[in-house]
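Work through the exercises below with the model in view. Try each task before reading its solution.

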Amino acid sequence: MEINPSKVTLRPFNLTDVDDLMLFAGDDQVTQHLRWNTLTSKDEALTFIKEVCIPHPWRRSICIDDRSIGFISVFPGRDEDMFKANIGYGVTPNYWGQGVATQAMNIAVPQVFKDLPHLVRLEAYVEVENKGSQRVLEKVGFQKEGLLRKNTFFKGKLRDFFVYSFLSTDFPPQKL
């Protein structure tokens, strides 16, 4: 299924996304790289939307024709770290390699800096094995800063992550 990336939109999650959410949140290929576990039922997905997605400070559904096919989440820092935030995303495997995640991130990054004006830095942590996600971040303009060896105990084992950043000053200059 070939997708035109210009059809990608972002919007807040709603309860009617429950079946679509199961397509990615219920897929081990997607959740293997996420902090949350694979959802196993429609009831669990509905609870996840109600208790996690909707009240989240900045979580958007990645949509094509208003159908949810993924998500982007931003986790703002607190207190002395309020100038930075972590960003993560996931897309239904049917849409991998088609520019959907890249387009969604291209939409999200400027919106995040607009919605959170105190933000200076967006960070993304990507497992070394997750080459697709690394390519998405690099296409969007994130800078790879380094390798964090044995940085996080994640899904049962210590893992290596690359850290990427995008600064508020990384946007191209505006043309007058």
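**Exercise 1: a bridge partner**

Find the bridge partner of Q143 in strand 7. Solution: the partner is S165. Strands are DSSP runs of E with at least two residues, helices runs of H or I with at least four, both numbered from the N terminus. The model is predicted, so local features need pLDDT of at least 70 and side-chain atom pairs count only at pLDDT 80 or more, while totals for chains, interfaces and linings use all residues. Residues are numbered from 1 along each chain as its sequence is written, and side-chain values use heavy atoms, without hydrogens and water.

**Exercise 2: the sheet**

Pairing requires at least two DSSP bridges between two strands. Next, the order: the open sheet of 7 strands runs 1-2-3-4-5-7-6, with mixed pairing.

**Exercise 3: positive phi**

Locate D65 and decide: buried or exposed? Solution: D65 sits in the loop between strand 2 and strand 3. Its phi is near 55°, a positive value in a residue other than glycine. D65 counts as exposed because its relative accessibility is 56%. The cut-offs are under 20% for buried and over 50% for exposed, with partly exposed in between (1.4 Å probe, protein chains only).
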